[in-house]
Amino acid sequence: MLCPKRMPLQVEAWVGSIGLAVLVLVGPAIASAQSTSGYVGSEACTTCHADASHAYDRTVHARVLNEAVARTERAARGCEACHGPGLTHVQSAGKGEPHEDWIAFTGDTVGDTDEGGLAADRIERENAVCLSCHDHSRVGLWSGSPHAMNDVGCTTCHSTKNPASRRHLLTAADQTTGCGGCHPAARAQQLRNRHMPVRSGPGGAGGEGFMNCSSCHNPHGTVTESLVDANSVNESCYECHAEKRGPFLWEHAPVNESCTNCHVPHGSIRPNMLRVAGPRLCQTCHIQSLHPSQNRGPTDRFSVGQNCQHCHIMVHGSNHPSGNFLTR
Amino acid sequence: MTPPKTTDRAVGARRNLVLVIAFACAVASGVAAAPRGALAEDDGHEQENLADWAPPLLVSGEVEIGGRSSGGDDGAGKFREYRDLDSGIFGGVDLLFEDEERRSYLRIFGSNPGYDDQRYTLEAGRYGSYSVDLFYSELPHVFSTSARSLYQRPSQETFVLPSGVQARIAGAADPSAQLGVELSAAQPVELGFRQVEAGAGADVQVNDSVRLFSRYRLQDRRGSRPLAIQFGSPGGTFDVFAASIDDETHQLEAGVEYTEGPLILGLEYRASFYQNELRSMTVDNPLVAADTTTAAERGRLSLAPDNSAHAVSAFASATVPASFPVRVTANLAYGLHLQDDDFLPNTINAAIASPALPANGLNGEVHTFLANLVGTARPLRRLDLKTRYRVYRYDDETDPLRFSAWVRNDDEARSDAVRSVRNDYTRQNADVTARYRVSKALETTLGYELEAWHRSDDRQVDDLLEHGPTFQVDWRPHPSTTIRTSYDFRDREGDGYDTLAFFESKFDPADFSALVASGITELPGLRKYDQADRRTHRIAIGGTILVGERTELGLDGSWEDMDYVDSDYGLTGQQGWHAGFDAYHRLHDRVGLGLWYTYEEFVYEMDSRWRPRNFGPFATFVDDPINDWSNETESAFHSLGGRVTVEAIRDRLDLELGYELHLGQEKMRDDAIPGVATAPGAPGNPDAGLAFTHPDIEESLQVLTGSATLRVSDRLELRALYRYEDFDLDDYRSDDLGPFRGGSDVFLRNNVEDYEVHIGILSATISL
């Protein structure tokens, strides 16, 4: 929640007041010059929202949603491609009863009646606008996804006008910071000494940033638990650890079912990001009479270092003909 | 053996040259392509000349160049784990070139050029129509810089001891002492690898409905990692060495999407090819000078084999015509995993005839299948419904191979036949969720989830079912305040636990019967935690509260308890909870303060039994409840962060101070074995009958950053940054481990190094 830099409150107040005054003065004139469909054109918007327009002009949306390059009639409408027809908004100097298709994306409940006024309604309306263009398979599972079911809106994580990130129009400077706002435990876990290269920070100034949350997760919905962006947890891990995919001659069955049987992916105090330190992790499933199964002390040769893996080094599977104990 | 580390002067000079050239090109291209109007403001004459040749491009973005200096323990492996912060000139570039109408673009991104973590991206395209991109990145992964090894590496796959070492140890009156003498000559070796990723992608919007995309990615890794090889039977010798890494993975994906109104269709193919340039690791046994039928001069490990995976996925999502919103989404995917690398011989021990192999390779073939169906509906304005069904099948169609004879650890010929067991499983998930908005301020969610596993006969439990309800309440007393709390209960139960299932699948019937008769199998009361009956309670709470217009507070917490209800041995219980807050307060319109803190705690409880035996006939082993023992592992973590931002001079000077602190601790306690019953004649074990409170494992990380950013003009920004990092880890398992610690084992001394580092940075950023 270390929020991106915000416009000072005093500036916001001044901009709002001036914008309101301009709207009152020029709104009717602009409106009369526009079509009766309710659209007024982006130039009318920039009359009052110059600051927003300046930031917006740097984004991809500004490139795609303009008359010069628009592929569709809607895209040619600029600001109103997303906000809807602005005539009523302009005529009322931003105060009156808005057009039923007008969406402010400001977090209020404009347009809802006393029956509703529900946050979910507003979020759903806003999300629908975004999804009407971003209707590809990456967001195809949004409906019913954990975020959708918990009233997360597109604008919770993205800002079309004032993004804090270099890519993907995020409201936070990077994914680790942004996702960590709602998932603080996951953010805290990446501070543990065994972690993936996800720690954020300025390039060349201490951060890692080789991976980010979306390296493994798709926040827009997936077919796998925990929004893992693959057909299974293991298939996600194999993207970077293909050597563990097998099939091997000698398999270790829990490995095929889920890497998380033994590993915690967000960070661990233990080597290899293990769920429980060895040899105890192995001993929770193996108490064989032919095998050391006692409570060995901290200096014991079977407790230190890689412990069980000093011998059973091929714990993910072996392809050696004599590797049936995963030792070769 | 050491991963290349570009710190020598020649490489440093090359790095600086690259930086200067890149910077000059970037600035020159930026100036050349700057909007003509901007130039005209400065010098009309120059504008006229430049306009003759300058491409009609608009340039935006920024170029950063600066100097970095680090001091302290900046050579420590942990500090360098995933980054290269060597002192020197550094830079970065993020430039966007567009045509005058902003229809087409070219984006160039580069970070830390010339360093081991450098990254580059080149993107080009036409907005809304197509895009192509190229990327290249490097990532260091340093495990340790304190490791020492006696092994020499004549080839990437061969690790030999210096001439005469084996003979001297084998001939010594006290081989262990002699091993210590020899290992005193171990040389430093860096453990780590460099990962290079490169690739290209293309995305084409053919028309309003059809989109094509493709992507290729190469991952190449070279370096070394700690690996171990065992000689002798359990309790023999193990040698840890710096094994080579040299592999690459090629990934390819291509697909098409069709969208028309509320309908989305997609089809995608993905392929992955893993190629290991190294097939095996051959390592000298320091204790044996010549092969015999009971001892090996050297041993050989088989490394991960080449493999490939292919997957075809189809996706469809549509709004169903109804009187209320209904959406259905379906995914289908089929995957194929293949592996058929040639087997190594059973042994390289010259004194043991390597048994014949039943096949040259595995001819492994795994089929996966996924189906996922999601339906959402809003039959009432206040009611959302969701249902989902998912099935994932892992079907190993590989023919099991029977090895009638094999060689254990290169030094013991075995004639007990073993069979390569194949694992199949099917996992099904289903849930139904209803969400009802009672009022503006109150929402309730009720759901029921089910997870069913069906596993092949070699697993202990064939069918496992876990199910239970979910209840959630969202309370919004104010539009900007949300409190959410939920409770889950899950009950998992299998259809019977067969302790011997794996052994029955692995061994011939006669050998299995003999095994059972001897009692040499898993402890009957053991329940492996992934298949054990279990009851889970989980409570979560979270919220966001706005206090006035200046303060925002987030709260987050959870508690979970898992009880393995029928597990006499193995993991019997685990609990965990966490709590934290995240607050932001605007002290002044130019001063902001952020603070967050999270505490986490986890407890694992297990019960076990020491089952000692004499290394004589199997029948002499002892399996007595008097040798039961238990373990509790408890870990706790404090993590906090804070940040103060000050706009010291409006629109001119920003100051920022940040601090992060992480403290972690793990405690492990073993209860004593009440009474030690050893096998007749068994050698006494000094650990037997003792309770252990293991030394705590403690880790801490502090990161302090302070920066000042001065905006000299609209186009020039100067930044001064100081960063301090302090990392400490006390882990008895790895601290100062070897290379020799007595006995017959060889270690690498690859401990995780503590470090304390100061970094200073001065940089200039030019915005275009």
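In this predicted model, Glu451(B) and Arg427(B) form a salt bridge, with their closest N and O atoms 2.8 Å apart. Glu451(B) sits in strand β25 of chain B and Arg427(B) in strand β24 (residues 425-437), so the pair ties together parts that are 24 residues apart in sequence. Over all chains the count comes to 77 salt bridges, and between chain A and chain B it is 19.

- Glu725(B) and Arg723(B) are both buried.

**Salt bridges between chain A and chain B**

- Arg459(B) pairs with Glu257(A) in a salt bridge whose closest N and O atoms are 2.7 Å apart.
- This pair joins two chains, because Arg459(B) lies in the loop between β25 (442-455) and β26 (463-478) of chain B, while Glu257(A) lies in helix α13 of chain A.
- Arg459(B) counts as buried because its relative accessibility is 5%.
- Glu257(A), at 9% relative accessibility, likewise counts as buried.
- Arg378(B) forms a salt bridge with Glu124(A), and the closest N and O atoms of this pair are 3.0 Å apart.
- Arg378(B) and Glu124(A) also belong to a network of salt bridges that links them with Asp151(A), Asp384(B), Arg435(B), Arg437(B), Glu443(B), Asp474(B), Arg476(B) and Arg484(B).

**The interface as a whole**

- Contacts between the two chains involve 131 residues of chain A and 215 residues of chain B.
- About 14600 Å² is buried between chain A and chain B, and carbon and sulfur atoms give 52% of that area.
- Across this interface, 64 residue pairs are in polar contact, counting pairs with both residues at pLDDT 80 or more.
- Six helices of chain A, namely α1 (9-33), α4 (60-64), α7 (119-133), α11 (184-189), α13 (253-257) and α14 (280-283), each supply at least two residues of the side that touches chain B.
- Of these, α11(A) gives the most to that side, with 5 residues.
- The side of chain A that touches chain B is made up of 51 nonpolar, 49 polar and 31 charged residues.

**Thr633(B)**

- Thr633(B) belongs to strand β32 (residues 628-649) of chain B.
- Its relative accessibility is 2%, so Thr633(B) counts as buried.
- The side chains of Thr633(B) and Asn631(B) make a polar contact at 3.1 Å.
- Leaving aside residues up to four places away in sequence, Thr633(B) touches Val276(A) of the other chain, as well as Phe602(B), Val603(B), Tyr604(B), Glu666(B), Lys667(B) and Met668(B).

**Domains of chain A**

- Chain A is divided into domain 1 (118-229) and domain 2 (245-328), and the C-alpha centres of the two domains lie 34 Å apart.
- In the contact between them, 9 residues of domain 1 meet 9 residues of domain 2.
- The two domains bury about 700 Å² between them, with 52% of it on carbon and sulfur atoms.
- The count between these domains is 0 salt bridges and 3 residue pairs in polar contact, both residues being at pLDDT 80 or more.
- On the side of domain 1 that touches domain 2, the residues divide into 2 nonpolar, 5 polar and 2 charged.

How values were computed
Residues are numbered from 1 along each chain as its sequence is written. Chains are lettered from A and ligands numbered from 1 in the order in which they are written. This is a predicted model: local features need pLDDT of at least 70, side-chain atom pairs count only at pLDDT 80 or more; totals for chains, interfaces and linings use all residues. Side-chain values use heavy atoms; hydrogens and water are left out. Helices (H or I, at least four residues) and strands (E, at least two) are DSSP runs, numbered from the N terminus. Buried means under 20% relative accessible area, exposed over 50%, partly exposed in between (1.4 Å probe, protein chains only). A polar contact is a pair of N or O atoms within 3.5 Å; within protein, one must be able to donate a hydrogen and the other to accept it, and residues adjacent in sequence count only if both atoms are side-chain atoms. Contact means heavy atoms within 4.5 Å. Buried area is the accessible area (1.4 Å probe) that two parts lose on being put together, summed over both. A salt bridge is a side-chain nitrogen of Lys or Arg within 4 Å of a carboxyl oxygen of Asp or Glu. Ala, Val, Leu, Ile, Met, Phe, Trp, Tyr, Cys and Pro count as nonpolar, Asp, Glu, Lys and Arg as charged, and the others, Gly among them, as polar. Domain bounds come from an automatic or database domain assignment.
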